[in-house]
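User: I would like to learn how to read a few features from a model's coordinates, with the general idea set out before the particular case. Could we work through one structure together?

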Amino acid sequence: MSTGANPRYANGSRRRALRARILATETHCGICGEPVDTTIPTPHPDSPEIDEIHPLSKGGDPLSRSNCQLTHRRCNRAKSDTTPGDHRQFETDRTW
């Protein structure tokens, strides 16, 4: 079991700046392609989240702009720890 801090927040100011930049420049979910309303608060399923395209658990960098994308919370949860090369299928459920 890991006792280390979450690497997403090891450099909190850098992660917050990356999140702010993504929220300001992206408008559509990187997973489903639908628009993301960035004003919807968490934990609503359609609230905005920042997804690591290559998950931390598989060596992805949480502070790399090229590894992060805007997603809906529901899409990010459905994707879980899959990568673009994974063949595992996942679905997003728009009903909640």
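Predicted model: local features only at pLDDT ≥ 70, side-chain atom pairs only at ≥ 80, totals over all residues.

User: Let us begin with helix H1: how many residues does H1 have, and what span does H1 reach from its first C-alpha to its last?

Analyst: The idea is to set the end-to-end span against the one expected for the number of residues. Helix H1, residues 12–25, has 14 residues and reaches 20 Å from its first C-alpha to its last, which is close to the 20 Å expected at 1.5 Å a residue.

User: Which residues of H1 are buried, and which are exposed on the other side?

Analyst: Here one sorts residues by relative accessible area, with under 20% counting as buried and over 50% as exposed. In H1 the buried residues are Gly12, Arg15, Leu18 and Ile22; they lie on the same side of the helix because the arc they cover around the axis is only 130°. Arg16, Ala24 and Thr25 are exposed on the other side of H1, while the buried residues pack against strand S1 (48–52) and strand S2 (68–72).

User: What does the side chain of Glu52 make a polar contact with?

Analyst: For such a pair one looks for N or O atoms within 3.5 Å. Glu52, which lies in strand S1, makes a polar contact through its side chain with the side chain of Arg15 at 2.9 Å. Glu52 counts as buried because its relative accessible area is 5%, and, leaving aside neighbours within four places in sequence, its contacts include Arg8, Pro62, Asn67, Cys68 and Lys79.

User: How many disulfides does a search of the whole structure find?

Analyst: A disulfide is a covalent bond between the sulfur atoms of two cysteines. The search of the whole structure finds zero disulfides; Cys32, for instance, is in no disulfide, and the nearest cysteine sulfur, that of Cys75, is 3.8 Å away. For Cys75 the closest cysteine sulfur is in Cys29, also at 3.8 Å, which is too far for a bond. Cys75 is buried, with a relative accessible area of 0%, whereas Cys32 is partly exposed at 29%.

User: Where is Thr82 found, and why does Thr82 count as buried?

Analyst: Thr82 is found in the segment after helix H2 (73–79), and it counts as buried because its relative accessibility is 4%. The side chain of Thr82 reaches the backbone oxygen of Lys79 at 2.9 Å, and the C-alpha atoms of Thr82 and Lys58, 24 residues apart along the chain, are separated by 8.8 Å.

Methods:
Residues numbered from 1 in each chain as written. Heavy atoms only, no water. Helix = DSSP H or I, 4+ residues; strand = E, 2+ residues; numbered from the N terminus. Buried < 20%, exposed > 50% of the residue type's maximum accessible area, 1.4 Å probe, protein only. Arc of directions from axis to C-beta. Contact = heavy atoms within 4.5 Å. Polar contact = N/O pair within 3.5 Å; in protein donor to acceptor, adjacent residues only side chain to side chain. Disulfide = S-S within 2.5 Å.
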